[in-house]
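Hi,

Here is the structure I promised to pass on. Please open it beside this email and follow along.

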Amino acid sequence: MMRFSTLLKHPADWMTGKGADNAVVLTSRIRLARNLAGVPFPGWARKEQRQQVLEELRPTIEGLSCMRDGFSKTLDSLSSVQKQVMVERHLISREHAARGEGSAAIIERRQEVAVMLNEEDHLRMQAIRPGLDLSSAYEMLDAFDNEVAEAVEYAFDPELGYLTTCPTNLGTGLRASAMLHLPALVISDQIGQVLQAVGKIGLAVRGIFGEGTESLGNLFQISNQSTLGESEATILRRLERVIAQVAKHERNAREKLLEDDPDMVCDKVGRAYGVLRHAWIIESKEALNHLSLIRLGGDLGFFPEESVLMCDELLMEIQPAHLQIQNGKKLGAEERDGIRAEIIRSRLQTLEAPDIHTIKKQEGDDDSPDLGIA
Amino acid sequence: MDCDKCGKPAKVHLTQLVGGKVKKVVLCNECAAETGVTDPTGFALADLLLGGGGEHGVATAIPRPPGQGRACPECGFTLDDLKRIRRFGCGACYEAFRDQVKDMIRGMHKGASHCGKVPDGLMEMRQRKLRLGELQERLDQAVTAENYEEAAGLRDEIRQIEESMANSETPS
């Protein structure tokens, strides 16, 4: 079994965008909600019943071939900081982190498949892939779901589909989402319009940690809301199409910003670089917003390509629980702001100042070389 | 749940036998007072609901105090719990509160019936379970009637189904 320290030391490839075009769409995520037939849902079950579900499901999930050498812990055996780290890595939900006895988290060793036992439903499973790739994430989780269904009997109704604690998940139990980085749409003030259009077709837009969270660092999550009355394929197709469209808008907005107002873009990216390079105390929110601009600069060619990857790693490392676990102790907000600034400064040391001169020159050329804008 | 007369939140739940059939009505406090349903004598649900008609049988109105309401036979989750937390207690609650479910999911989803994935083998498993129950009952009857020849045949059939179920549960 994988230890927590191993999990911590080796972030998944999808978290840092390895092996995919993740400049705009960082990750694609699929979540399925399932329950066992004949047992009350976790929120209504008695303690012994929850325990019984855990004892039935945990060995079943752990025994699946893909879970070999994976991570498996009951939530009462993890500290609150450890649980928070897992939230920051999107391996468990905030709601799940609040739970203890009777709940568990089981994670496949590449961290592409993660299972929560006794969250709001008996089983919440997710699959994550880097870039825009909902269909392969779904395929992976669908196969996993089939394996589980061979071993247990799900609560299922021919009319209502998979039965879930909350009726908003009925039917397919499928929530598909993608995380998008949309700085150019925000800078050019088009974001409201785009997100409104997305909302109108019945999709939800949220901040980076899901329901009820604000958008930080120009990161947005788009997901389906309706789970009943359509097949999985229809839901995924629509969502993937909309996300591809939003990503295209972002691409166009990046291109247009460079064309129309290169000085403004250079100024924003340069200032973000300056602050992060020299700040000694920095709050999470400010850091995320500046890192967002460095990430944009990386995509536009102001910095070497690897800087996008560096930003994604930093986005994770500078979050509160990550800072505390790295330092091995509980830190106050002020201490965290100091350590956060230190980590960012040290990582940015090897990053040269933005190559603004070249960018502006390239832009004047008619047969301009690739600026990284597809 | 909303009042059957005016649509305001309902507080009074009534169950009545009309012509041998169970009828259910929910009302808000005002409508309940207006129709006099809180007086259990001489009230006819059918009159209220169906606008009169002589086919009602025994008129026994059972007003329920607020805070109770119908309960799921499997897990005891009540209609009141459902209204309060907008979540369900177990899979069987969806059957127990099927009417409320319809109201709740209207506008929540693209449709009202599932057209996605069906768990592999679930339907088959259910049918086998039903068939097993049936056979077991017949076996009991045959044994009671000392009809041993039939009992032996039934026992073989049961064994066969049980074996095939065990086989399909173990992944190859």
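**One histidine in chain A**

Leaving aside residues up to four places away in sequence, A:H290 touches A:A272, A:V275, A:L276 and A:I282. Contact means heavy atoms within 4.5 Å. A:H290 sits in helix α10 (residues 284–300) of chain A. Is A:H290 buried or exposed? A:H290 counts as buried because its relative accessibility is 16%. Buried means under 20% relative accessible area, exposed over 50%, and partly exposed in between (1.4 Å probe, protein chains only).

**How to read the model**

This is a predicted model: local features need pLDDT of at least 70, side-chain atom pairs count only at pLDDT 80 or more, and totals for chains, interfaces and linings use all residues. Residues are numbered from 1 along each chain as its sequence is written, chains are lettered from A and ligands numbered from 1 in the order in which they are written, and side-chain values use heavy atoms, with hydrogens and water left out. The model scores ipTM 0.85 and pTM 0.76.

**Chain B**

Chain B has seven helices and two strands. Helices (H or I, at least four residues) and strands (E, at least two) are DSSP runs, numbered from the N terminus. The pattern along the sequence is β-β-α-α-α-α-α-α-α. Of the 172 residues in chain B, 33% are buried.

The mean pLDDT of chain B is 72, and 59% of the residues score at least 70. pLDDT is the predictor's confidence in each residue, from 0 to 100. Over residues 39–67 of chain B, the pLDDT is below 50. Where pLDDT is low, the predicted coordinates should not be read in detail.

Best wishes
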